[in-house]
Amino acid sequence: MRTYSYYSSIAEDLKGFIDYKRALGYKYDSEAYQIHCFDRYWIETNGQNTEITYESLKGWMERRTGESVSSRSARISVVKQLSLYINGLGVAAYVPMEKYMKEHPVIHVLSAEEIQALFEAIDNYTPKRYPTFSVRMRAEYKVIFRLILTTGLRRSEAVCIRIRDVDWLAGTITIFDGKGNKDRLVYMAVDMAALLKEYVKYLFDFVHTETEWLFPSFRIEDHVSGIGLALKFKHYWKLTPYAKTCEKDPTIHSLRHTYVVFRMNLWIAQGVDTNVMLPYLSRQLGHKSPDETFYY
């Protein structure tokens, strides 16, 4: 069994990881060599930094000249297991995808301050004109963006929800024919479910007739369009003080990423085993497997 010495700023974590795997009965020889190489990579690339983030791993995940897909996947897989181990210790660490075949765009994850500013803009916005549907949809935007942020729904899923898809007693929404043509249940927090129920009552009181859509368009026979919602989100973001200094503007999809990051950080702060909870989060998001959730 080959042993290595580690000298980087995360050396203790590297040694602890190898010791942990071997204590479980794994030989971990080839993997130990990869961790040895990763130790050198960390010294050359990250210096005294001890935080494992997307940026600190980016160089490790890049495909090397002449490297096969399987070799690259093996390198990334070992570091993926390392990150899971560190997360299990209660320290946040970015978990790379095992099959990192292409570069993904870096998504803007909103900070708590940006979220507050965004919803202040949404809640306080007053349209210049007051057509009937504009007043109604002003209330609608306040709810749909909060729903996406607190459940991780995709934009395309949120706009197509029918009122009958909501189980008020269980606090769930059934998403039909989501990505991959799959149905799933999405769970809401108690306060979000209460807000949604108040909104539906407002909606019926306002239009004086029933509509099948939870978020109708200006024509109540149709649901709000995804493109229209994206434009409205962009408009609201431009009203925040952060829009002038932001290098990459967030999109509606950023709310989904923010939901994942906040949820994972909360679990870590509470000492919850993220390895146990990740499959549940994956199902909430409608992912095929936890590997897709690792990207977030």
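User: Why does Gln34 count as buried?

Analyst: This is a predicted model, in which local features need pLDDT of at least 70, side-chain atom pairs count only at pLDDT 80 or more, and totals for chains, interfaces and linings use all residues. Residues are numbered from 1 along each chain as its sequence is written, and side-chain values use heavy atoms, with hydrogens and water left out. Buried means under 20% relative accessible area, exposed over 50%, and partly exposed in between (1.4 Å probe, protein chains only). Gln34 has 18% relative accessibility, so Gln34 counts as buried.

User: What does Gln34 touch?

Analyst: Leaving out residues up to four places away in sequence, Gln34 touches Trp60, Arg75 and Val78. Contact means heavy atoms within 4.5 Å.

User: What makes helix 1 and helix 4 roughly perpendicular?

Analyst: Angles of 65 to 115 degrees count as roughly perpendicular, under 35 as roughly parallel, over 145 as roughly antiparallel and the rest as oblique. Helix 1 (residues 11–23) and helix 4 (residues 69–88) pack at about 95°, with axes 10 Å apart. The two helices are therefore roughly perpendicular.

User: Which residues of helix 4 meet helix 1?

Analyst: Val78, Gln81, Leu82, Tyr85 and Ile86 in helix 4 meet Asp13, Leu14, Gly16, Phe17, Tyr20 and Lys21 in helix 1.

User: How do you know that the length of helix 10 agrees with what it should span?

Analyst: The expected span is 1.5 Å times one less than the number of residues. Helix 10 (residues 252–270) has 19 residues and should therefore span 27 Å; its end C-alpha atoms are 28 Å apart, which agrees.

User: What follows helix 10?

Analyst: Gly271 follows helix 10, and its phi is positive, near 75°.

Notes. Axes fitted to C-alpha atoms, helices over the stretch in contact; angles between N-to-C directions. Helix = DSSP H or I, 4+ residues; strand = E, 2+ residues; numbered from the N terminus.
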